[in-house]
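Trainee: I would like to learn how to read strand pairing, helix packing and aromatic pairs in a model. Where do we begin?

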Amino acid sequence: MTKIKDQAGRLYTAENISGIKYGESLTLKECQKFVDKVTARKYVIENYGNSTIMVLDGRGRRKACATYYNGNKAIKLPRWARTKYVILHEIAHHLSGGDGHKAEFASCLLDLVRHFLGKESADALQGAYYHKSVKVVGKNGATKARCPQSRRDWVEAQKLKDQELLEILKR
């Protein structure tokens, strides 16, 4: 496999292989209710501050995005992106300071996934982070994500798939 050099590329690849990116599609009203639930949670307020985030229709866009609308935090969601995971991804941009996909963002997203989608989804994402060398915030700054015990076999299987693909590409 080609080595992905930038954090954003590694993070997007990890999201795709984790298997948690897609889920039940929500209406805009349901998306706003979910955003309000996330931002009102005591844990989120204590760790990331109090935020109000508006959900805007993202039709006409190819990608979801965290943005500002009339000076207020907002996320734009095209129809395909109206899932809880994508919403958490966009919320994490606002909660982590809006500075791209750096270690602070990756840690915030993992934290939100653990609290709102559950341990199994968080372990899947963290295992994919580990496999793709996504940086997260550690005790001494940015560091490679650790592999959760529940995902060790999965990571080994991914490594074998990567090696097999590399062999095919070399032919």
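Mentor: With a definition: two strands pair if DSSP finds at least two bridges between them. Helices (H or I, at least four residues) and strands (E, at least two) are DSSP runs, numbered from the N terminus. Here β1 and β3 pair in the parallel sense, over four bridges. Aspartate 57 has leucine 77 in β3 as its bridge partner.

Mentor: Two remarks on the source. This is a predicted model, in which local features need pLDDT of at least 70 and side-chain atom pairs count only at pLDDT 80 or more, while totals for chains, interfaces and linings use all residues. Residues are numbered from 1 along each chain as its sequence is written, and side-chain values use heavy atoms, with hydrogens and water left out.

Trainee: What is the order of the strands in the open sheet?

Mentor: The order is β1-β3-β2, three strands with mixed pairing. β1 (54-57) and β2 (65-69) are the edge strands, each pairing on one side only.

Trainee: Which strands does α2 lie across?

Mentor: Contact means heavy atoms within 4.5 Å. Axes are lines fitted to C-alpha atoms, for helices over the stretch in contact, and angles run from 0 to 180 degrees between N-to-C directions. α2 lies across β1 and β3 and runs at about 160° to β1. α4 also packs on the sheet, where it touches β2 and β3, and its direction makes about 150° with that of β3.

Trainee: How is a pair of aromatic rings described?

Mentor: By the distance of the centres and the angle of the planes. Rings of Phe, Tyr and Trp (its six-membered ring) pair if their centres lie within 6.5 Å; planes under 30 degrees apart count as stacked, over 60 as edge-to-face and the rest as tilted. A search of the whole structure finds one such pair. The ring centres of phenylalanine 34 and phenylalanine 116 are 6.3 Å apart and the planes stand at 85°, so the pair is edge-to-face. Phenylalanine 34 belongs to helix α2 and phenylalanine 116 to helix α5, 82 residues apart, and the pair thus links distant parts of the chain.

Trainee: Is phenylalanine 34 buried or exposed?

Mentor: Buried means under 20% relative accessible area, exposed over 50%, partly exposed in between (1.4 Å probe, protein chains only). Phenylalanine 34 has a relative accessible area of 6%, so this residue is buried. Phenylalanine 116, at 12%, is buried too.
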